[in-house]
Amino acid sequence: MPRYALLVEYDGRPFAGWQRQAAQPSVQQAIEEALARLEPGPFTIAGAGRTDAGVHARGQVAQCDMAKDWDPFRLSEALNFHLKPAPVAIRACARVADDWHARFSAVERRYLFRILMRRAPATLEEGQVWRVMHPLDVEAMRAGAAYLVGRHDFTTFRSVMCQAKSPVKTLDSLEIEAVDGPAGPEVRFSLRARSFLHNQVRSFVGTLERVGAGAWTPERVREALEARDRAACGPVCPPQGLYLTGVGYPEDPFGG
């Protein structure tokens, strides 16, 4: 059965997350149902990352096995037709080796988090950003973030429901920048690692927001990390504003 890699973009607001769930809509389910319109199923696809409810993706990667030898462009066009009106799009499709795996072949995941700083409610950006009504000190947040980069035991910054075998991960980079966004001033967090723990990014951002607001010192981030205790974590920020922006592989299946 030919295997295909799919580059997927979606708005996470209508979904209970990427992964198929009983009685709740998921991105995985939407794509599997679109595939079933093309060939007899059932289909079970695999994604590179299991994004939570309300989390978006610009560069999720999934795999599917087909009975027919499809032209990749025609497969992506057919899927996009049958995905309507769900806010899910197949940006690219490529034939891959039979042993290629969207999750296990990946060597890097990249995430973006957007905080909008303004008092007025977000309208056009609603559900796409986390709005805070106070300014944030970017330099203080960068100082706090520096303690998180590298290989650490991230017990403090993972959900109690996390199923990872070990809390030890390597965070390759955590960059923070102030930008003029379409709706006002934003702070954007860009994170890169081979893999992340459940709620790790949202725990980082929620904690660093407290540093930027002046409620925490940057050094308190180090203390929280060293505590290896979930109770030492700052608030977990909401899912809106979080995007899976890309997945890295030894060879880019889409030729980018």
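**Reading a predicted fold, feature by feature**

Reader: If I leave aside the neighbours within four places in sequence, which residues is S203 in contact with?

Author: Contact means that heavy atoms lie within 4.5 Å, and by that rule, with neighbours within four places in sequence set aside, S203 is in contact with F157, R230, C233, P235 and V236. Before we go on, note that this is a predicted model, in which local features need pLDDT of at least 70 and side-chain atom pairs count only at pLDDT 80 or more, while totals for chains, interfaces and linings use all residues. Residues are numbered from 1 along each chain as its sequence is written, and side-chain values use heavy atoms, with hydrogens and water left out.

Reader: Where is the place of S203, and is this residue buried or exposed?

Author: Helices (H or I, at least four residues) and strands (E, at least two) are DSSP runs numbered from the N terminus, and S203 has its place in helix α4, residues 200-212. Buried means under 20% relative accessible area, exposed over 50%, and partly exposed in between, with a 1.4 Å probe and protein chains only; S203, at 0%, counts as buried.

Reader: What does the side chain of S203 reach?

Author: Here we look for a polar contact, a pair of N or O atoms within 3.5 Å; within protein, one atom must be able to donate a hydrogen and the other to accept it, and residues adjacent in sequence count only if both atoms are side-chain atoms. The side chain of S203 reaches the backbone oxygen of N199 at 2.7 Å. You can read Q63, in strand β3 (residues 56-65), in the same way: Q63 is buried at 7% relative accessibility, and its side chain reaches the backbone nitrogen of A102 at 2.7 Å. Not counting residues up to four places away in sequence, Q63 touches R3, Y4, I45, A46, W100, H101 and A102.

Reader: How should I read the largest nonpolar core, and which of its members touch the most others?

Author: A nonpolar core is a set of buried Ala, Val, Leu, Ile, Met, Phe, Trp, Tyr and Cys residues joined through side-chain atoms within 4.5 Å. The largest one here has 73 residues, and I31, I115, L148, L174 and F189 touch the most other members. Strand β1 (residues 3-10) gives the most to this core, with six residues. To see one member in detail, take L148, whose contacts beyond four places in sequence are F154, F157, L171, L174, F204, L208, V221 and L225.

Reader: How many salt bridges does a search of the whole structure find?

Author: Side chains of opposite charge can pair when their charged atoms come close. The cut-off for a salt bridge is a side-chain nitrogen of Lys or Arg within 4 Å of a carboxyl oxygen of Asp or Glu, and the search of the whole structure finds 14. One of them pairs D153 with R228, with the closest N and O atoms 3.9 Å apart. This pair links distant parts of the chain, 75 residues apart, with D153 in strand β7 (residues 150-153) and R228 in the loop between α5 (218-227) and β10 (242-248). R228 is exposed, at 54% relative accessible area, and has a positive phi of about 50 degrees although it is not a glycine.

Reader: Which residues join R188 and E186 in one network?

Author: R188 and E186 themselves meet in a salt bridge at 2.8 Å, N to O; R188 is partly exposed at 23% relative accessibility, whereas E186 is buried at 1%. Salt bridges that share partners join R114, E125, E186 and R188 into one network.

Reader: What should I look for in the backbone, for instance at A23 and at P85?

Author: The phi of A23 is near 65 degrees, a positive value in a residue other than glycine; A23 sits in the loop between β1 and α1 (27-36) and is exposed at 88%. A cis peptide bond joins K84 and P85, with omega about 5 degrees, and P85 lies in the loop between α2 (72-83) and β4 (88-96).

Reader: How many residues line the largest pocket?

Author: On a 1 Å grid over the protein atoms alone, where a 1.4 Å probe fits, a pocket is an open set of points with protein on both sides within 12 Å along at least five of seven lines, and lining residues have an atom within 4 Å of a point. The largest pocket is lined by 33 residues, of which R50, R103, F196, L197 and H198 lie nearest its centre. The elements that give two or more residues to this lining are β5 (108-117) and α4, and α4 gives the most, with three residues.
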